[in-house]
Amino acid sequence: VKLAYQWYASGTAIRGATGSSYAIPSTYVGRTLSVKVTGSLAGYATAAKLSAGKKIAAGTLTGATPTISGTVKVGSKVTVKPGTWTSGASLKYQWYANGAAISGARYSFLTVPASLSGKYLTVKVTGSKTGYTTLVRGSSSKKIAAGTLTAGTPTISDATPRIGQKLTVAPGTWTAGTARTYQWYASGVAIKGAKYSSFTVPKTLKGKTLTVKVTGSKTGYTTVIKTSKATAKVG
C-alpha cells in the first residue's frame, strides 16, 4: 500500500505539508491540526481517512536562570547574563531592590545608585516569542555594598608656616558630590575650633608641626579620611 499525507490547519490544506511528520510553525497557535492519509494499491479503490483535529497549543520557551555580573556596590555598573534561551526569543529586563521594581531600570545593565546601599539586588528576565508562552526567570539576590569614594591627598598652602600666617588646604580631587569637613592638628593634637579649610596660626603653636585631616562623606558611600603631610615647625 502506498500512503500519501496532507496536513490541515482548521480545515485548510497546508501548502507543502505532505510528509508523515510536520513541524508546526508558531503562527498556527490556536488553530486545529489534522492530517488526511490516502492509501492506494493497484487493483484496489483508493481510500482516504482524516484524523480527528487537535488544537495547537503554544510552544514552551526554554530559558536559563540569569546571573548578575560585576561588583555589586554603589556607583558600579553591573550587567545581567541571561544564559541560553530558545532561539529567536526576545528578552526584556527589570531590576529590583528588596523585591521592589527599580523605576526605569529596564536594561541589561544598571549603574547602582547610592539610594540602594545595603539593599538586595535582583533582576528578572522575561522571554517572549510568537507562538510561545512567555517565560520569566529571576536571578539570585546580591547585597549592595557601600560605594568607594575617590579621595585626593590634602596639601597645606605653605610647608614652612609662620605665626600669624593664614594657611589654606587644597583637598585634592574627590568623588563628585562629596561633603568634606576639616580638622587641623598641632604636632598630632587636634586644635580646638580649627575645623575649616583655612587656619590662621596663633603664637601658641610656635615650634609645632601642622597637619590637617579631610573627612569626605556621601550618602551610600564609605566615609574616607585623608591626612596631609606635616609642615615644618611653626617659626
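Three aromatic pairs occur in the structure, where rings of Phe, Tyr and Trp (its six-membered ring) pair if their centres lie within 6.5 Å, and planes under 30 degrees apart count as stacked, over 60 as edge-to-face and the rest as tilted. One of them is the stacked pair of tyrosine 107 and phenylalanine 109, with 5.8 Å from centre to centre and 20 degrees between the planes. Tyrosine 107 is exposed at 53% relative accessible area, while phenylalanine 109 is partly exposed at 39%; buried means under 20%, exposed over 50% and partly exposed in between (1.4 Å probe, protein chains only). Tryptophan 184 and phenylalanine 199 are also stacked, because their ring centres are 5.4 Å apart and their planes lie at 25 degrees. Here tryptophan 184 is buried, with a relative accessible area of 0%, and phenylalanine 199 is buried too, at 10%.

The model is predicted: local features need pLDDT of at least 70 and side-chain atom pairs pLDDT 80 or more, whereas totals for chains, interfaces and linings use all residues. Residues are numbered from 1 along each chain as its sequence is written, and side-chain values use heavy atoms, without hydrogens and water.

One salt bridge is present, defined as a side-chain nitrogen of Lys or Arg within 4 Å of a carboxyl oxygen of Asp or Glu. It joins arginine 162 and aspartate 158 at 3.8 Å, N to O.
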